Amino acid sequence: MIRTEKLISKMKEIVGEAHLIRDSDRLKTLRIDGKRPKVLVYPGDTEEVSRIVAYAFDHTLAIIPMGNGTKIEVGNPPEKVDILLSTQRLNRITDCDCDNLTLTAESGITLKEVQKRLAQEGRGYFIPLDPPFTEKATLGGIIATNSSGPRRYMYGTARDLVIGMKAVFPNGDIVVSGGKTVKNVSGYDLSKLLIGSYGTLGVICEMTFKLLPIPEKEVTVLIPFIRLEDGDAFVQEIIDSQLLPSSIDTLNRPAMERLKPPVSLTEETRYLVAIGLDGVMEGIEREISELRERGKKYQSLDPLILYSQEHQSFWSALRDFSETLKRQRILFLSFKSNFLISKGGEVMKRYEKIMSQTGIESALIWRSGNGILYSYLFPGRSLKSKMESMIELIRQLTSEAIKNEGNMMVESAPTILKKKISVWGEMRPEYQVMRRLKEEIDPRGIFSPGRFIGGI
Amino acid sequence: MNRDQMIEELSKIVGKENVLFSETDLLLYGYDASLFKAKPDCIVLPNSTEEVSQIVKFAHREKIPIVARGSGTNLSGGTIPARGGIVIHFSRMNRVLEIDIKNQRAVVEPGVFTLTLKNQLARYGYVYQPDPASERVSTFGGNFGENSGGPHCLKYGVTTNHVLGAEIVLPDGEIIWVGGKALDHPGYDLTGLLVGSEGTLGIATKLVLRIVPKPEAVKTMLAIYNSLEDAGRTVSAIIAEGIVPATLEMLDRLTIKAVEESIHAGFPLDAEAVLLIEIDGLKDGMERLAERIIEICKENRAREVKAARTEEERAQLWAGRKGAFGAVARLRPNYLVCDGTVPRTKLPEVLTRVMEVGKKYNLPIANVFHAGDGNLHPLILFDERNEEELKKVHLAGSEILKICAEAGGTISGEHGIGTEKKKEMFFVFTPKDISAMRKVKRAFDPEDLFNPGKVLPEVQT
Amino acid sequence: MKKEELKAQLYDEIAKCNRCGFCLAVCPVYAAVGKEWATPRGKNALIRAIIEGKIDWTPEIEESLYRCTGCRLCTQTCFPAVETNQGVLAGRECLVEKRLYPQVIDRVVEAIENNFNISNEPNINRTMWMETMEGVPENRFQKEKAEVIYFTGCVASFYPMAHKIPQNLVRIFHRAHVDFTLLGGEEWCCGFPLIQAGMKEKMKTLKEHNEKMVQKVGAKTIVFACPSCYHTWREMYQTDAEPLHSTQFIERLIAEGKIIFQDGRERIVTYHDPCDLGRNSKVFDPPRNILKKIPGVKLVELENNRQLSMCCGGGGDLEMIDPDLSSAIAKRKIEEIQKTGAEEVVTACQQCIRTISGYARKNKIKLKVRDITEVVLEAMSA
Ligand SMILES: Cc1cc2nc3c(=O)[nH]c(=O)nc-3n(C[C@H](O)[C@H](O)[C@H](O)COP(=O)(O)OP(=O)(O)OC[C@H]3O[C@@H](n4cnc5c(N)ncnc54)[C@H](O)[C@@H]3O)c2cc1C
């Protein structure tokens, strides 16, 4: 207890009374897999983050960085949580250099706010990232979890878009890598290491992104199919073509129903291929007609075209699929599988089969151009009784992905289940290097202990 | 361990004919395309991952440094065996293992020349986007080591954006896979960390590359200027307009002269600068975009903008660009290329300052560079045989990097730090940044056996 | 040659090499060997190190410098156009001075010194290729005065495998009513093998003799079917006669209406540019123009053609010095030929034919390799 008191008084000294929460009822709502932090701090700048971390380092206190908490549940249950460090007050845009097509901002600002600002600059710009939790996701959270969305097909992911980073390392050092040049090979690319590190290597405080101008025009083409094989063959043809869609997602019927697209789909539609088109007027017109034609070759039903508002809301609903479920307080499990691009149709089919055998409804969203499949399972209320079959199901789905040169991670699941499975999928030999990196950078294991792959 | 024993042990692994150790060979593996030289203890040419692993295990046991080498065309002393040891030359491991069109991946051994794969892909209508000017001889191992860029990286990203996985031999000889054909493997992005690590963390023995269908249409234009700054301003203006062409390359007067003496690329000899602008993608709307670009060029006082009319004309222009470094040796025997990179808004200002450095040291400077990326390549021309001049060149080079750093840029955009720019690392990093990087090095290579003495300067702790 | 001379002649040239390595991608020796000593860059570096006194002549340098086909593709693709082959040849001269050179060379040198040709035959047998030929005139194609001299070259004269070339060429001349003569026993080796061996100074007597003989005949033109003789003549000899390669001469005969082609068989043919004819003497079009004139022939180009043509492996004495390396290079050439889908490869050099068809025969690869003279004669008589 004395330790906790000391911790709190030190934190007060660093961030000020107003910027920390120690009230146990409040902290209870912030439990991570049942573990309650001793204090929640809101540092106001990188310097403060550094001091907090240095203190934690000196006293070997566990620290978990957090943005708006939209993905805080991802990962193994933490071994320990002493300090929950919120980046919410690190919310400044520090350098908006649209003429250079770069933006630097702190980690606590939401992507949405940044996009809003960028849209107002000059001819209108954006960071080409469209991860889930459109409203709440912070830049830091997005980058720390390597979160991405449908448009990654054209624009890539954080590893392609983040060119510089400032982070506080576990010993309290403020470390900079990269910068605001679009090319940079000076020193090791530490940004890559921190992207997707889930708070296990330090606190990401500031990032620099590449920007693009807002496309002249954006449209969605929804192409319905009765058979998955047809949808798959169609998708593979598009990928192999010279057309340049920004996103290609394929949804199964349950996903469609929950998503409630702004247009009505016919009864017979079992699969929906949604293609986003960004670009110039002339190109988009032609792409629409080509997609229509090529769809016909594979027995597609009549395509639907979504413009402006409809287009926007379709994709945000798709991105925010899990957020909506959460808001509706629907119990679900979600997995992210990766595999060879060309095997998507097969994997999706196998997944449907495996899941239907357990009699549980499942919604599937297949990022078809990237070889990624998001599965959502709705086990109903009696999860406890189904525990064994869930574990078996996860095992089967994982091995299916591995068979196709991928893996599967469990993105959200109840703590009791997480404790019994390997949240991060099957470990590969490269894990040894990850472990060594963790030990070198965080020798006392204070950052998000136990949460990451293999208990890193 | 004495050298004879070392040679004997290595011969057991790769065969006698694949171990080189004569004085002559030590000299031949002591240079690369930079101005640095050193001497290895011996050179081995493995034929398989297994052999590489055994070589490394042996070296690890005996604490002998190892330097991986592709074609030795890097410009930063990256393959100079700074502390002696074994050079692993990958010329035997030069097979394209797989072209997997369905999954849009190619798997290659590290010794494959970049262009060799591209030529093979052409048959399928596919491309591997990164295109270092040295692509016809640079190897994928070297591209991986340096995170190489090239003209088309403006739009498509550099090597790191196209290497999705690799088979790696670690400093203890262990073989692992990082990443793979599929995206988003759980865990830290080791692939991202390894690309650009200059052979100091791991040796790639296989690489998985992203390949994509070649763009439907391309249009190449040449904008001609009477002033270098106007060309620089045009680049800033195009980017500020939000246009990201496929390429945006600049050549100045001196370079043009040298190139035209080598081959007839079609650059006008009386121009102060030209921009080589290429756009690609869907054919629809391309004309409109080209017109807008031409307008911007004109607004920034381009004398003339020409479009390549045929594939031959286009190829000629590119041949000129790609051979530009070599060509300047017609003016003075040697060049030092500075790889400083700046925010694109700073180009005109930095270019002017760079030319002032040339004047200050009385050294001619030719410019040919990836302007759209803000990646300068001032070529300081001199004669290596003149020691006084060589000293001045190093000073001038360092000063140019300082200018880039001060303009909010960095000291290397694509050529790497190597032995050459270690000191200058402090222009952009603090000792804390460096010690964070050192931790990464220790995690991979605690005994400092892979390409020791590169990238990271010493810091007092 | 002494080091000082090497420095005076080549230091500035070699200093232009910035080790950019572009030559690695095209050098046929490096492609086969895969070691830095095989690269043009490496050869430049060695010469430079010698000049700068950083290294002394070693057997490894000998190995390196004597493994170059002289194809000069490196220089062709080098932006500062560093003349690596000049360095290599000068280096060989120094090595000879140090008595560091492949022993096989002595055999050839001895032959040339004794017989004035590269074979073991006395030079009087220069016309032995006529033995298997019908209708040889009494004067054995030799007269005192003629418009044209046909310089046969050692290989075509003495090696049965190449006898077809002079046989065909004299028939062509005969049918086109060309006033020509051979030098017979008075034709001496042109000196090319000596230059390659690094013993340039030894060719002095040969050159003087040949020049005198040509002068004596008073010919306006001297024709070579061997690209290396032709190249050497152009570079080293001074006479009033205009040196022409057989393809250039034949092209003229066609233009003058003296050669007329009958119908030929429909076929796809590819053409290999011999290095000494194409890149090194800039004769690219005449052979192509001839082939295009032949009815039925469809000419497809090799992937690397004209200035960028890949060596067959037989250049620069390499076949004699290192036959295995030579055939490793030939292998790549044959792969390139096969890629074209042509049923027949035509070239204009006895050495190229020898290396390519030699490799094909040994490895049981079905490939028709023909000299252009044979193709021309066949089309004339069809
Ligand atoms: C004329 C000229 C033009 C150039 N143009 C460009 C350009 O446009 N863009 C650009 O980016 N660069 C350019 N370069 C630089 C150079 O060509 C590149 O860095 C190239 O990628 C190096 O390839 P290489 O095979 O020669 O590698 P090397 O020089 O042999 O090695 C480079 C680095 O990679 C490491 N390495 C090699 N193989 C492996 C392996 N298997 N595993 C791990 N590490 C390895 C080495 O240790 C070394 O640190 C140019 C160079 C020249 C001379």
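In what order do the 4 strands of the open sheet in chain C lie? The order is β2-β1-β3-β4, and the pairing is parallel. The model is predicted, and the predictor assigns the complex an ipTM of 0.96 and a pTM of 0.97.

**Confidence and chain contacts**

- The average pLDDT of chain C is 96, and 100% of its residues score at least 70.
- There are 2 pairs of chains that touch, and the pair formed by chains A and B has the most contacts.
- Chains A and C do not touch; a distance of 20 Å separates their nearest C-alpha atoms.

**Ligand site**

- The ligand is surrounded by 38 residues, and the closest are B:Ala68, B:Gly70, B:Thr73, B:Ser134 and B:Thr139.
- The site is shared between chains, because the residues that surround the ligand come from chains B and C.
- For B:Gly142, the distance between a polar backbone atom and an oxygen atom of the ligand is 3.4 Å.
- On its own the ligand has 980 Å² of accessible area, and the protein covers 100% of it.

**Parallel sheet of chain C**

- In the open sheet with the order β2-β1-β3-β4 of chain C, the edge strands are β2 (180-182) and β4 (242-245), each of which pairs on one side only.
- From one strand to the next, the twist of this sheet averages 30°.
- Strand β1 (residues 148-151) of chain C runs parallel to β2(C) and is joined to β2(C) by 3 bridges.
- Within this pairing, C:Tyr150 has C:Leu182 of β2(C) as its bridge partner.
- Helix α13 (residues 246-255) of chain C packs on the sheet, where it touches β1, β3 (221-224) and β4 of chain C.
- The direction of α13 of chain C makes about 90° with that of β4(C).

**Antiparallel sheet of chain A**

- Chain A has an open sheet of 8 strands with antiparallel pairing, in the order β15-β12-β14-β13-β17-β18-β16-β19.
- At its edges stand β15 (304-307) and β19 (407-412) of chain A; each has a single partner strand, so one side of each is left without a neighbour in the sheet.
- The twist of this sheet averages 20° from one strand to the next.
- Strand β12 (residues 217-225) of chain A and β15(A) run antiparallel and are joined by 4 bridges.
- In β15(A), A:Leu306 is the residue that A:Thr220 stands opposite.
- Helix α11 (residues 281-297) of chain A lies across β12, β14 (271-279) and β15 of chain A, and runs at about 5° to β12(A).
- Helix α15 (residues 387-403) of chain A also packs on the sheet, touching β16 (333-338), β18 (372-378) and β19 of chain A.
- The direction of α15 of chain A makes about 140° with that of β19(A).

- Most residues other than glycine have a negative phi.
- A:Asn146, which is not glycine, has a positive phi near 45°, and lies in the loop between α5 (139-144) and α6 (152-155) of chain A.
- C:Arg99 is likewise not a glycine and has a positive phi of about 60°; C:Arg99 lies in the loop between α6 (84-97) and α7 (104-115) of chain C.

Technical notes
Residues numbered from 1 in each chain as written. Chains lettered and ligands numbered in written order. Predicted model: local features only at pLDDT ≥ 70, side-chain atom pairs only at ≥ 80, totals over all residues. Heavy atoms only, no water. pLDDT = per-residue confidence, 0-100. Contact = heavy atoms within 4.5 Å. Pairing = 2+ DSSP bridges. Helix = DSSP H or I, 4+ residues; strand = E, 2+ residues; numbered from the N terminus. Axes fitted to C-alpha atoms, helices over the stretch in contact; angles between N-to-C directions. Near = heavy atom within 4 Å. Polar contact = N/O pair within 3.5 Å; in protein donor to acceptor, adjacent residues only side chain to side chain. Areas by Shrake-Rupley, 256 points an atom, 1.4 Å probe, with all protein chains shown as cover.
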